[in-house]
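Welcome! Please take a look at the structure below, and then we can walk through some of its parts together.

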Amino acid sequence: MYAQAFFVAVFGLAAIGFGVVVFRTSSMMRSALALLFSMTAVGCLFLAMQTEFLGVLQIMMMATEMSIMAIFMVMFMMDPGGLGGMDMSHQKRFSIGAGVSAAVVAIAVALLSDWGPAAEQVVDAQAQTRALGMELLGRSMMIFETAGITILTAMIAATAVAIPVKNLSSKDGKEASE
Amino acid sequence: MTSVSPINTTGSRQRQARFARLQKWVSRAFARDLSCLIVPGQDVAVAHGLNVSATGMRVSASPRDANVLLIVGVLSEKMGEVATVLYAQMPRPRTIVVLGGTTPSSLPGADVSAGLSQEALADAVGRLKRALAEGAFAVSPMDFDASVLHARIEYVCPMHPEVVEDEPGSCPKCGMDLVAREAGEQTPEGGHDHEHHHDHDHSNEHSNERQQEHAHENAATEYTCPMHPEIVRDEPGSCPKCGMDLVVREDGEDEGHAEHEHSSHDHGEHDHSGHEHGGHDHGGHDHGASGFMSMIEVTKDLPRSADGLQMDWLEVPFGPVFPGLAGGLKLTLTLDGDGVTEGQATSLVGLTSEGENFEASDEMDAETFIGYLSAAIPLAPVSYRLLVCLAIEQAAGLEGDSANAGARTGALERERIASHLGWLAQLGRQLGFAWLTQRAATLQLQVREANRDSLAALEPALRTLGTRLERTPLLKSRLKGIGLLPTESSDLRGPVARAADEGGDAWARLRQRLAEISASLGLIKSGGEPALPVLRDVGDVSGTGEATVDTPRGEARLSLKLERGHVKSYKLDTACSQHIGLVPKLVEGQELGDALLAVGSLDLSPWEVTS
Amino acid sequence: MTVAIVLLALLGSAWLLAVVEGWMATGRLSPAAPLFRGLAHLGRESIVPRSPDRVFFEAAPVLLLVVAVLGMAVLPLAPDLIIADLGTGALFVNAALAYVLVAVIMAGWGPDGAYAMIGGWRFLGQLIAYSMLIVMPITAVAMRAESLVNTAIVGSQAGLWNIVYQPLGFVLFYIAAMALAFRAPFDLPSAEGELGGGVDAEYTGVRLAVLRLARLTLVVTLASATTVFYLGGWHGPLLPPSAWSLIKTLAVAVSMLLVGHYLPRIREANLMRWCWVLGIPLALLNIIIVGLLILVVP
Amino acid sequence: MTMILILALVTGAILFGIGVYGALSQTNLVMIMMGVELMLAGAMVNLVAFWRFLHPEAYSGQMFVLVVMTVMALEMAVGFGVAIARFRAKGSVEMEEAEDLKG
C-alpha cells in the first residue's frame, strides 16, 4: 500500500519533471530525450499501478517513437544544438494560462469528486495479460481491429505524403510510421 | 594554454592516486596492452614489410584507442603536423615509436626509434614494453604543446565579427571578452577533425562561458519583435502589435545564415554546461544566434539533398590517417546526413611532377635519383625504379637488353601482385572484412620478397583467395554498382581502365585485380627470376630519355634530361594524378559508405599523386 | 544470490567473448589480455572532447550497460535461476533492448563529433530495419508458449526446440539480434573503415572500458535471449540446466562474432530493403505457420 | 487506496497541463507534437488509474489505453508525414511562417 503510493509518487514526479524539461531546454536532443524519459516514467507509473503489460509496452514503444522524434527535431529545427538559445515559443502568457487552468480544473475534479471505494487487489500480471488478450479478441475485437487498420492506413498515408514525387526510395514515411 | 584541461587534471589526479596504489599492475597492463596508430598508414607499413600485429601490438583505428604513435619512414612536413594533432588526441600515457625516420619537429622526441625492418620493430616494441613495465610513463600530464595546435585558435568579438585577434583579450570596440574559436580551414586536418585539441578545449569552453555571462549584460542591447521587425526597444517587453515577447537582436544577424545553420547542425560548440534555458545569446561562434530567425530564410539557400529535403551541410575530413583510406590521402566530404553532396581528395605526401631544381646540386647523379624516386613512392618502389632505369638507359642511348628483361618483368609483376594484395587488405579494412584484411596482408608480406619457386608455392593460396572472394556472400551486393565510371572517360589507366569494360564498378575492379594477380603469376612463371632492376653503367652521357612502365596502378610516364650522368630535370606523369581528379564526380550524391568505397576502389596512392 | 550468480555468468561470458575477439584479431589465445586491457583503460587518461553534451556523453556507456543487464535479468539460466520472472518477460526483453538505440544515439550526439553523430543516426536507420524482425519472431514464440513468461517459453520447448518448430523465426531473430548488437557485418554505427570508430570513436579510458564491456554484455544478453526463445533454454541431457543454458548462450555469442569475421559490412540501403521487402513478409509467414501448427497439431 | 488513485489523477492532470502549454506555446510543428504526446500521456495515466482502482475487472479500460497508444503512434506518423511534406514544399515547419494555414 504505502510502497505503492511511494512509487506512484516518485515516478509521477519523474514524469512531470522530465515533462517540464522538454520545454525548458534549448537543445532539441535534450527535449526529445526528456520527453522519452518522461514517457518511460509514465510506463513505470503503470508498473507501479500493477498494470504490467501496458507499462512494459509503453516503455518499449516510446523508446523508438521518441528517438525518431529526436531525429526529426534535429532535421526540422534551425538550431538543434541549442547554442543559439533562440526563443522558439510564442503567446507565452496565454499558453501558460491555458495549461495551468486545464491542470487546475482536472485536479479539482480529481480531488472533489467522490470516487467511492477503491479496489484493493488486482489479479497478477499473467492473468491480466491473458484477460486483456481475451478482451481484445473478444468483446472489443471490432475496436481493436479498427485501430489496427487505422494505423496501417496512417502509415501508408504518411509515407505517401512524405515521399517526393520524383524518387520513391525515401524512407521517411517508414520512419514516421515506426 | 596548458596541455590538459582542468577536468582532465582532476581526473588524472585521482588516477595518479590509483596509479600509486597499483602502480606495478597498471604498468604491467600498459606494457601488455599496446595499440598503435600507424602514420602515414597501415598500407605503408605492410609495403615496408612490417607485420605489426606479429609484435603483439593491436593496430588501432582511431587515436582515441591508441597509446603508441608508430611513425613509419620519413614524414612530409604536412604529415608531421597531422601526426602531432593525432598525438595530441591520444590519451596519456602515450608513446612515440619512429622507424627509419626522424621525429617531426612539432612532436616531443621519440621514446623509441629504430630501423625500418621487422626485426628492428620487434626489438623496439620489446624496449617499449620494458620501459612501460618499469612505469617509466606516469599518467601525470606532461606539458606537450605544439605550434600546429595553437595555430588553430583565434579570438573573435561576439558582437563585432570583424574583430579577430590572435591573443585573448577584450574587443577594442565594445570591450567584451574575445571568444576563442577554431581558425580551422587553413590548417591541415588530422583523422579526427572535430576535436583536434582537447588540449585547449577547456580553456576554450571557459572563455565561452565567461563570454556568455557578459553577453547577458552587454549584448542585450536591442529588443525586437519576432513578427514585426520594425518594433525595436531598448528593454525587454512585449510587442505592442502582437503581444509577443520581444527578443534580443544582434548585429550582423543576417550574415551567412548558411554557416549558422551549418555550425549549428553539426552542433559545433553547444555546451549546455549549467544554463539550460536559451535565454542568453551566444554570439561567439555563429551569426544570427538570437532573435527570431525565419526558417524559410535559413533553408532557402540550402542545397537540396538526394531526397529533395533542404539539409544543412557538414564538412568532414576523412584521412590523411584514416583506416578506410590509403595513408596520406585526405578526402574532404561535404555531408548532409549520411549522403555526400560534394567532395575532393588531396594528397599530403605527393611528389612534384617536374624537377628543375637539380641544376644547383650536382649530387643528383643517376643512382641517387633512382633512390630518391623509389623512396618517394613506398607503395610501388620497384616499378618506379624500373621506370627511371629505362628512362636513363634510353637517354644514354642503350638498347633494351634481353639479358635481364625477364628479371625486371618478374620484379614488376611480383610487385603488382603484392600491390593488389595490399589493395585487397585495404578493401577489407574499409568493409570491416577482418578475414580478408588478415589473409591479404599475410600473403602480401610473403609475396614481397618471394622468388620464383616460393611464388609458385603461393599460387594455390592466391587462387583460392580469388575464388573465395567471388563466392563471399554480401560482397557482390556491396560492390556492385558502386563507383561507376563512364566507359569512355579518357583519363583512366591501369586496372581501373581495364575494368571499365566489364561494368566499370567496384566489383568489376575487384575481379580485374584478381585476374591480374593470376596473370602476373603466369608471367613470372614464363619470365625470369624476379630481381630488383639495377641501372646498367651509362657513364657520363648526356641526353633526354623517356620511358613508360605499367605500374600496378596504371601507366607512369617519365621523361628526364641527363647531363654527364646527372639528372638535370625530369617530368613525371602517373595514373593516380589522373584518377584523383575523378573523385568529385565519383562521390557526389552517394551514400557515405558507397562514396568511400568508390574512392577506395580506385586504389589511389597519394605518393604517386604529382602536383 | 541469484543476482550474483547471473551477474558473474554475464561477466564471465563477456570475458570469454573478449578473449575470442582478441584471438580473431591477433590469432593468439591470451586469456589475460582482456583483463590487462581493462586495467590499462582504468590507468589511462579519460579525455572529455571539445564541447560535449556532458549529460549524454557520460550517460551513454552506462545506459548501454544497464540496458544489457536488465535484459539479462528476465532471462532464465535455469528453472529457478532467474532474477525476475516477469509475467511479460518476453516483452520486457524487447523493452530493455529498445533502449540500446537511445544509448547509441546519446553516444553519437554527446561527444560533439561528426563521425560519432553520423554513427548514432545511422543506428536509428538500422533500427527501422531490424526492430520488426525482433518483435515478430518473439510473437510467434509467445504464441506457441501461450504465455509471455520466459520460463514458460522455455518450458514449452521441452519436447521440441523452437529452432526446429519455427526455423524461419530463428533465422530472422538471429540476424536481427546481430543487427541490434551492431556487430559486424551490421556495425554501421561503429564502422572503423567508414567512420573511424563511429560512436566508439570519442571514448577513452574508463568510459571506453565501460563501453566495451557494455557491448560485449549486449551480445551475451542477445545470445541468451536466442537460447531461451529458440534453443530450448536449459533443456538438455546429463549436464545441469544452468550449464546447458551457459553452453548454448556462449555458442550462439561466439558464432555471432565469427560470422562477422568472415563477412563484409552490409550496405545500409540493402539492409533496409531486405528487411522490409523480404524479412517482414517472412516474419508474418512465420507467425501464420506457427498459428496453423498450433491449431492443427494437438 | 483512494489516496493513490488521487495521486495518479493529479499526476495525469499536471502532465496534461504541461502538454497544453507546450502545444500552444511552441512555434515548431515537432515541438507542438511533443505537447500533444504529453497530453495523451496524462490521459493514459488517468485511464490506467481508473482501471486499477475503480474497475480492475473491466479490461476494456486497459484496451482503451492501448487505443490511446495507437493514437499516439498515429499522430506521430501523420505529423511527421505532414512535417516532411511542408518542409519540402515551404522549407519550414515553423508555425509562425504557416500563414497559409492560418484561418
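The report below goes from the ground rules to a chain contact, a core, a sheet, a helix and some backbone details.

## Ground rules

This is a predicted model, in which local features need pLDDT of at least 70, side-chain atom pairs count only at pLDDT 80 or more, and totals for chains, interfaces and linings use all residues. Residues are numbered from 1 along each chain as its sequence is written, while chains are lettered from A and ligands numbered from 1 in the order in which they are written.

Helices (H or I, at least four residues) and strands (E, at least two) are DSSP runs, numbered from the N terminus.

## Where chain D meets chain A

Let's start with two chains that touch: 62 residues of chain D are in contact with 73 residues of chain A. Contact here means that the C-beta atoms of two residues, placed from the backbone, lie within 7 Å. On the chain D side, helix H1 (2-25), helix H2 (29-53) and helix H3 (60-90) each supply at least two residues. The largest share, 21 residues, comes from H1(D).

Sorted by class, this side of chain D has 46 nonpolar, 12 polar and 4 charged residues. In this count, Ala, Val, Leu, Ile, Met, Phe, Trp, Tyr, Cys and Pro are nonpolar, Asp, Glu, Lys and Arg are charged, and the others, Gly among them, are polar.

## The nonpolar core

The largest nonpolar core has 351 residues. Such a core is a set of buried Ala, Val, Leu, Ile, Met, Phe, Trp, Tyr and Cys residues joined through C-beta atoms within 7 Å. A residue is buried if 20 or more other C-beta atoms lie within 10 Å of its own, exposed if 12 or fewer, and partly exposed in between, with C-beta atoms placed from the backbone.

Those with the most contacts inside the core include B:Leu69, B:Val39 and B:Val599. Leaving aside residues up to four places away in sequence, B:Leu69 touches B:Val39, B:Leu86 and B:Met90, among others.

## A sheet and its helix in chain B

Three strands of chain B form an open sheet in the order E12-E13-E14, with antiparallel pairing. Strands E12 (314-318) and E14 (339-347) stand at the edges with a single partner strand each, so one side of each has no neighbour in the sheet. Strands count as paired if DSSP finds at least two bridges between them; E13 (residues 329-336) and E14(B) pair over 8 bridges. Within this pairing, B:Leu329 stands opposite B:Ser347 in E14(B).

H20(B) packs on the sheet, touching E12, E13 and E14 of chain B, and its direction makes about 30° with that of E14(B). Such angles run from 0 to 180 degrees between N-to-C directions, with axes fitted to C-alpha atoms, for helices over the stretch in contact. Helix H20 spans residues 592-601 of chain B, and 10 of its 10 residues are buried.

## A helix in chain C

## Backbone details

Most residues other than glycine have a negative phi, and most peptide bonds are trans. B:Asp603, in the segment after H20 of chain B, has a positive phi near 55° and is buried, with 26 other C-beta atoms within 10 Å. A:Gln50 has a positive phi of about 60° and counts as partly exposed, with 17 C-beta neighbours inside 10 Å.

The peptide bond from B:Val39 to B:Pro40 is cis, with omega near 0°. The bond from C:Ala184 to C:Pro185 is cis too, with omega near 0°.
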